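Here is a brief report on one protein chain. Look at the fold first, then at what packs inside it.

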Amino acid sequence: MSEEVEKSRIEQLEDEGDIAADYLEELLDIADLGGDIEIDVENDRASVEIIGEGKDKKDLKRLVGRDGQTLEALQDLTRLAVQAKTGGRSRLMLDVAGYRADRKAALREITEEAITKVKESGEALALAPMNPFERKVCHDVVSAAGLMSESEGAEPNRRVVIRLSEDE
């Protein structure tokens, strides 16, 4: 990718982040919630996080919901708001009060433990059902460890299965 095209893509993702931040700031105002918004670009996608300290952080947890379900819905709405302004599909990632960052760390630990079990037994191991974000984290950890993984099942019971090789 040329340097000019790369810069253009980064600028496009930064614009997505700005649009998302404007949308989320309005939502925070309507819900009378405190919090600051941080925008970043990582892994070829805009990344937006709503952060808060003390009472604000506790209040923001309401935007996460049970098992991150409210956060998933809010992310979908934010992506739609970005799409309405840009005309293009957005892969924006949203985090609220550090939920996704904490969940990533927990998923890495769970996946590493599963990898150890698969290496010791040689048997495939299925993890608990997860949403697409969570499965992606697990697939990345498995790949980095040199094993194979795939998603099996139908939503909402889709899960990651870890194997030593494709032959298993």
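In this predicted model, residues 24 or more positions apart account for 58% of the contacts in the chain with a separation of 6 or more. The chain has 168 residues, and 33% of them count as buried. Its accessible surface comes to about 10,200 Å². Carbon and sulfur atoms hold 46% of that area. The C-alpha trace spans about 55 × 45 × 25 Å along its principal axes.

**Layout**

Five helices and six strands make up the secondary structure. Along the sequence they follow the pattern α-β-β-α-α-β-α-β-α-β-β.

**The three-stranded sheet**

Three strands form an open sheet in the order β4-β6-β5, and their pairing is antiparallel. β4 (125-126) and β5 (148-152) stand at the edges. Each has a single partner strand, so one side of each lacks a neighbour in the sheet. β5 pairs with β6 (residues 159-163) over five bridges, in the antiparallel sense. Within this part of the sheet, Ser 149 stands opposite Ile 162 of β6.

Which helix packs on the sheet and touches β4 and β6? Helix α4 (residues 99-121) does, touching both strands. Helix α5 (residues 132-144) lies across β5 and β6. The table gives the helix directions relative to the strands.

| Helix | Reference strand | Angle between directions |
|---|---|---|
| α4 (residues 99-121) | β6 | about 40° |
| α5 (residues 132-144) | β5 | about 160° |

**The nonpolar cores**

The largest nonpolar core has 18 residues. Ile 50, Leu 60, Leu 63, Leu 94 and Val 96 have the most contacts inside it. Four elements are listed as giving two or more residues to this core: α1 (3-31), β2 (45-51), α3 (69-86) and β3 (93-96). α1 gives the most, with four residues.

What does Val 96 touch, leaving aside its neighbours within four places in sequence? Its contacts are Ile 50, Leu 60, Leu 63, Val 64 and Leu 71. Ile 50, Leu 60 and Leu 63 are themselves among the core residues with the most contacts.

Notes. Residues are numbered from 1 along each chain as its sequence is written. This is a predicted model: local features need pLDDT of at least 70, side-chain atom pairs count only at pLDDT 80 or more; totals for chains, interfaces and linings use all residues. Side-chain values use heavy atoms; hydrogens and water are left out. Two strands pair if DSSP finds at least two bridges between them. Contact means heavy atoms within 4.5 Å. Axes are lines fitted to C-alpha atoms, for helices over the stretch in contact, and angles run from 0 to 180 degrees between N-to-C directions. A nonpolar core is a set of buried Ala, Val, Leu, Ile, Met, Phe, Trp, Tyr and Cys residues joined through side-chain atoms within 4.5 Å. Buried means under 20% relative accessible area, exposed over 50%, partly exposed in between (1.4 Å probe, protein chains only). Accessible areas come from the Shrake-Rupley method with a 1.4 Å probe; for residues, only the protein chains shown count as cover.
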